[in-house]
Amino acid sequence: MKTSDVGLALIKHYEGFYSKPYRCPAGLWTVGYGHLIGDGLNLPDHWNRHFSVEEIDALLRQDLARFERGVQRYIIVPLSQPQFDALVSFSFNLGLGTLQRSTVRQKINRLDFKGAIKSLLRYDKARGVALKGLTLRRRAEAKLMTA
């Protein structure tokens, strides 16, 4: 399965677009929609430039492939396209390790989609504080899960 245009739009909306490298909140060098540059610690000269929309979209598709494979690996039950898109967005934002360890995954694999959505909505905090952007993203993902 591949992320649909709807899933792609959701990820792009919440990640934000940056055509020039920047340091993310974790202090790592990033570009586009959250593409990590190398190990993130250094900015090679050839990356220190403005990127076209086409280049950024190609980096996003490249990054998404890993998360699509991860969702397919960790979710053992059939998913609808919207459910798949929501889980790719969730994983892209929080990492595949979070998906692997999450109650979201456990409940989906038990076909408890209502419980999975309730669990998903709890992943809206950074350092114990709910962040509006994360709350809105989780709600959008939850809405996709029920589509």
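Which residue forms a salt bridge with K125? Hold that thought for a moment, everyone, while I cover the ground rules. This is a predicted model, so local features need pLDDT of at least 70 and side-chain atom pairs count only at pLDDT 80 or more, while totals for chains, interfaces and linings use all residues. Residues are numbered from 1 along each chain as its sequence is written, and side-chain values use heavy atoms, with hydrogens and water left out.

Back to K125: the partner is D124, with the closest N and O atoms 2.9 Å apart. By salt bridge I mean a side-chain nitrogen of Lys or Arg within 4 Å of a carboxyl oxygen of Asp or Glu. D124 is buried at 9% relative accessible area, whereas K125 is partly exposed at 46%. Here buried is under 20%, exposed is over 50% and partly exposed is in between, with a 1.4 Å probe and protein chains only.

The count comes to seven salt bridges. One of them joins K12 and D57, at 3.1 Å from N to O. That pair links helix 1 to helix 2, 45 residues apart; helices are DSSP runs of H or I with at least four residues, strands are runs of E with at least two, and both are numbered from the N terminus.

Now please look at helix 7. E141 and R138 form a salt bridge, their closest N and O atoms being 2.6 Å apart. The two are three residues apart in that helix, about one helical turn. E141 is buried at 0% relative accessibility, and R138 is buried with 0% as well. Through shared partners, salt bridges join E15, R137, R138 and E141 into one network.

On to the aromatics. Rings of Phe, Tyr and Trp (its six-membered ring) pair if their centres lie within 6.5 Å; planes under 30 degrees apart are stacked, over 60 edge-to-face, and the rest tilted. The whole structure has five such pairs. Y18 and Y22 have ring centres 4.2 Å apart and planes at 40°, so this pair is tilted. F90 and Y123 are edge-to-face, with 5.1 Å between centres and 85° between planes. F90 lies in helix 3 and Y123 in the loop between helix 6 and strand 4, so the pair ties together parts 33 residues apart in sequence.

Last, the core. The largest nonpolar core has 35 residues, and V71, L87 and I108 touch the most other members. Such a core is a set of buried Ala, Val, Leu, Ile, Met, Phe, Trp, Tyr and Cys residues joined through side-chain atoms within 4.5 Å. Helix 2 gives the most, with seven residues.
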